[in-house]
Amino acid sequence: MRLPSSLLPALLPLCLPLGAAARRWRFDPALSEEWWRAWSGSWVHADWRHAALNCAGLLLLAGIGGAGQARMLCWLALLLPWPIAWAQLLLPGAGPFLGASGVLYGWWAALAWQGRAVWTGRLLAALLLLRLAWQWTWPQPGAGGLPILWSAHACGALAGPLLAECLKRAGCAAPVPPPRTSAHS
């Protein structure tokens with residue numbers, strides 16, 4: 001059985017700093033000259049629970065996307081942190097953030113967009129819209145008592161399909177052909 005390559009970025013939250021160490025890597029608009037934080041902030045987490053929940057969501061989406069969407073999801077894992085962080089710079093009162101949930105929402109929206117012609121894509125889209133509406137209407141505290149940054153979720157959900165479509169048109173997200181199974185194939 002061949003596992004999708006998107007499992008690697010889905011496991012990334014468990015491999016990077018947590019807690020106090022993660023705060024040194026988080027995205028902070030006050031430190032915008034440290035440009036690398038725009039990427040690292042999406043992959044470090046407040047605590048193990050925060051990392052595990054984001055990892056579980058990314059693994060679920062990697063499984064839903066399967067090998068056919070793995071290349072797109074890997075590209076999105078690399079690209080999505082940038083527009084999520086930059087969008088926070090444009091918002092009034094933007095504060096520091098950390099966590100892969102913006103990337104998770106980007107993956108979710110991209111898979112819904114890619115599958116929009118079938119019922120599963122439309123179901124993914126409906127669940128995503130309900131989740132975003134619920135978070136907007138009834139904000140909840142996040143991991144470590146930090147507020148959930150709804151704007152990062154919404155930005156991921158908007159940027160995911162846009163980047164996925166650009167990747168598709170550029171040929172970067174084409175499905176990987178299945179491996180040859182015998183010398184005669």
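The buried residues of α7 are covered by elements that include α4, α6 and α8. In this predicted model, those buried residues are G121, L124, L128, L132 and Q135. They lie on the same side of α7 because they cover an arc of only 65 degrees around the axis.

**Helix α7**
- On the other side of α7, W119, L129 and L130 are exposed.
- The helix has 19 residues and reaches 27 Å from its first C-alpha to its last, close to the 27 Å expected at 1.5 Å a residue.

**Nonpolar core**
- The largest nonpolar core contains 34 residues, and L58, L76 and W107 have the most contacts inside it.
- Two or more residues of this core come from each of α4 (48-79), α5 (81-90), α6 (101-114), α7 (119-137) and α8 (150-170).
- The largest share, nine residues, belongs to α6.
- Leaving aside residues up to four places away in sequence, L76 touches P81, W107, A110, G160, L163, A164 and L167.

**Aromatic rings**
- Three aromatic pairs are found in a search of the whole structure.
- One of these is the tilted pair of W82 and W86, at 5.8 Å centre to centre with 40 degrees between the planes.
- W82 and W86 are four residues apart in helix α5, so about one helical turn separates them.
- W136 and W150 form a tilted pair, with 4.6 Å centre to centre and 55 degrees between the planes.
- Because W136 lies in helix α7 and W150 in helix α8, this pair ties together parts that are 14 residues apart in sequence.
- W136 is exposed, at 57% relative accessible area, whereas W150 is partly exposed, at 28%.
- R116 lies over the face of W113, 3.8 Å from the ring centre.

Note on methods
Residues numbered from 1 in each chain as written. Predicted model: local features only at pLDDT ≥ 70, side-chain atom pairs only at ≥ 80, totals over all residues. Heavy atoms only, no water. Core = buried A, V, L, I, M, F, W, Y, C linked by side-chain atoms within 4.5 Å. Buried < 20%, exposed > 50% of the residue type's maximum accessible area, 1.4 Å probe, protein only. Contact = heavy atoms within 4.5 Å. Expected span 1.5 Å × (residues − 1). Arc of directions from axis to C-beta. Phe/Tyr/Trp six-rings, centres within 6.5 Å; stacked < 30°, edge-to-face > 60°. Lys NZ or Arg CZ within 6 Å of the ring centre and 35° of its normal.
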